[in-house]
Amino acid sequence: HAADAHRTDLMTITRFVLNEQSKHPDSKGDFSILLNNIVLGCKFVCSAVNKAGLAKLIGLAGDTNVQGEEQKKLDVLSNEVFIKALISSGRTCILVSEEDEEATFVSPPLRGKYCVVFDPLDGSSNIDCGVSIGTIFGIYLVNDLEATIDDALQPGKNMLAAGYCMYGSSCMLVLSTGNGVNGFTLDPSLGEFILTHSDIKIPKTGKIYSVNEGNAKNWDGPTAKYIENCKFPKDGSSPKSLRYVGSMVADVHRTLLYGGIFLYPADRKSPNGKLRVLYEVFPMSFLMEQAGGQAFTGKIRALDLVPKKIHERSPIFLGSYEDVEEIKALYAAAK
Ligand code: AHG
Ligand code: MN
Ligand code: MN
Ligand code: MN
């Protein structure tokens, strides 16, 4: 009757987080409250994304962000929702968002001990054509409530938790609090995220590589060599398949479940690549390591990077352990 038990033993993300909390006797539940506010934000964005076309929520907001990108209406709406949900949790003191040039310092009465870095809407270029998009977040503890910007410029290995929500054919929230990775699917009839993928482990190697081949002209040697090996394997094995959605959340989610490697390399035009360290590279690298994979910047382990600016970028190669080992070897040989 395992299936029945599964159907009736509804493990919601709220129960799951409270179970996790019970493993920390000294915990006062702050983390659970914070996470539940993040979950609320994801539910709101999910419903806004699902009716975006109907509710005139597609198209441009008429402003540009610090990245120099034209902000979409959903970028702005999602950002506002998460900023408000995080502040009202009363458990945060610094917030870093892709959409805000400066970090948000929460006013003292509402301050808590966490710093949250997030990409409220990842894959904005895919909004208007209905292709999967997402939200990415990472959570740090701050040293003391008199927080400074340095409390947000911590290496990824200091993160307590990281996760993403993917707004696709189903709405899935993938989360790690440092003890493995678990996936929760939103049941719209209950308005609850239900545990559907427990203890996700990424395959040791995969048959898919995921990169924007349009940048091939500008890649450096090791990247070009690695992609060449994916297409024309030297050992006579069959070539890998290319899958590239263009939303990091969707490409990483597929990599996590099916195996393979996701790459956003440096190139001559952008020597630090495109993806942002705090709220794209770190959370996804954290999840990959927790799932038995790894994440590499072309120089070092991604989570060892210490950012100097809140919107700093880094090249990133992440996914199946063996696949990332191959590209690490190519960069080591090029030294
Ligand atoms: P965002 O929409 O939050 O700005 O992020 C877009 C990022 C990421 O989602 C994706 O992996 C990458 O941009 C795709 O970039 P290219 O279009 O240059 O391939
Ligand atoms: Mn953007
Ligand atoms: Mn993004
Ligand atoms: Mn974004």
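**Chat about the manganese sites**

Colleague: Hi! Is glutamate 98 buried or exposed?
Modeller: Glutamate 98 is buried, at 3% relative accessible area. Buried means under 20%, exposed over 50% and partly exposed in between, using a 1.4 Å probe and protein chains only. This is a predicted model, where local features need pLDDT of at least 70 and side-chain atom pairs 80 or more, while totals for chains, interfaces and linings use all residues. Residues count from 1 along each chain as written, chains are lettered from A and ligands numbered from 1 in written order, and side-chain values use heavy atoms, without hydrogens or water.

Colleague: Nice. What does glutamate 98 bridge?
Modeller: Glutamate 98 bridges two manganese ions, ligand 4 and ligand 2, and these ions are 3.6 Å apart.

Colleague: Which residues coordinate ligand 4?
Modeller: The manganese ion (ligand 4) is held by Glu98 (OE), Asp119 (OD) and Leu121 (O), at 2.0 to 2.2 Å. Donors are N, O and S atoms within 2.8 Å of the metal (3.2 Å for Na, K and Ca), and sites may look incomplete because water is not among the atoms.

Colleague: How are the donors of ligand 4 spaced along the chain?
Modeller: For the manganese ion (ligand 4), the spacing reads E-x20-D-x1-L.

Colleague: Are aspartate 119 and glutamate 280 buried or exposed?
Modeller: Both aspartate 119 and glutamate 280 are buried. For aspartate 119, the relative accessible area is 0%.
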